[in-house]
Amino acid sequence: MKKGEAIVVFYRLLAKPNPPFVRLHLKGLDVSFKYEVKMEKQTQVLYGDELMHIGLFIPPFYMGTVKTEETVMIGDYVSCLAVLKAVD
């Protein structure tokens with residue numbers, strides 16, 4: 001039975017200098033469903049087959065201090081959370 005919602009969590013234990021881009025290849029999604037993906041203050045709509053074959057792009061985590069609207073320390077032990085919901 002296919003479900004219409006999923007939660008995906010990515011954890012990085014130790015930071016590496018100049019890390020490669022990360023894509024998580026998900027499993028168990030319906031290939032014909034469109035999924036609204038909410039992650040890191042961004043929302044996008046992707047098909048289930050895209051998420052399973054191409055993967056979910058994980059935003060890069062940089063070492064040190066990143067200047068944005070807020071100053072954020074990023075390095076070891078970072079994580080991100082994505083919430084997927086099936087849409088019409």
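This is a predicted model: local features need pLDDT of at least 70, side-chain atom pairs count only at pLDDT 80 or more; totals for chains, interfaces and linings use all residues.

Colleague: Why does Tyr11 count as exposed?

Modeller: A residue is called exposed when its relative accessible area is over 50%. Tyr11 has 61% relative accessibility, and therefore counts as exposed. Tyr11 lies in strand S1.

Colleague: What makes the nonpolar surface patch?

Modeller: Ile7, Val9, Tyr11 and Leu81 form this patch of about 440 Å². Strand S1, residues 5-12, contributes the most to the patch, with three residues.

Colleague: How many residues of the protein chain are there, and what percentage count as buried?

Modeller: The chain has 88 residues, of which 27% count as buried; the term requires under 20% relative accessible area.

Colleague: Which residues touch the most other members of the largest nonpolar core?

Modeller: This core has 18 residues, and those touching the most other members are Leu29, Val37, Leu51, Leu56, Phe61, Ala82 and Leu84. The largest share of the core, four residues, is supplied by S8, the strand spanning 78-87.

Colleague: How do you know that Leu84 is in contact with residues beyond its neighbours within four places in sequence?

Modeller: Contact requires heavy atoms within 4.5 Å. With those neighbours left aside, Leu84 is in contact with residues including Gly4, Val8, Leu29, Val37 and Leu51.

Colleague: In what order do the elements run?

Modeller: From the N terminus the order is β-β-β-β-α-β-β-β-β, with one helix and eight strands.

Technical notes: Residues are numbered from 1 along each chain as its sequence is written. Side-chain values use heavy atoms; hydrogens and water are left out. Patches are made of residues with over 30% relative accessible area and no salt bridge: like charges are joined within 9 Å, nonpolar side chains (Val, Leu, Ile, Met, Phe, Trp, Tyr) within 5 Å. Accessible areas come from the Shrake-Rupley method with a 1.4 Å probe; for residues, only the protein chains shown count as cover. A salt bridge is a side-chain nitrogen of Lys or Arg within 4 Å of a carboxyl oxygen of Asp or Glu. Helices (H or I, at least four residues) and strands (E, at least two) are DSSP runs, numbered from the N terminus. Buried means under 20% relative accessible area, exposed over 50%, partly exposed in between (1.4 Å probe, protein chains only). A nonpolar core is a set of buried Ala, Val, Leu, Ile, Met, Phe, Trp, Tyr and Cys residues joined through side-chain atoms within 4.5 Å.
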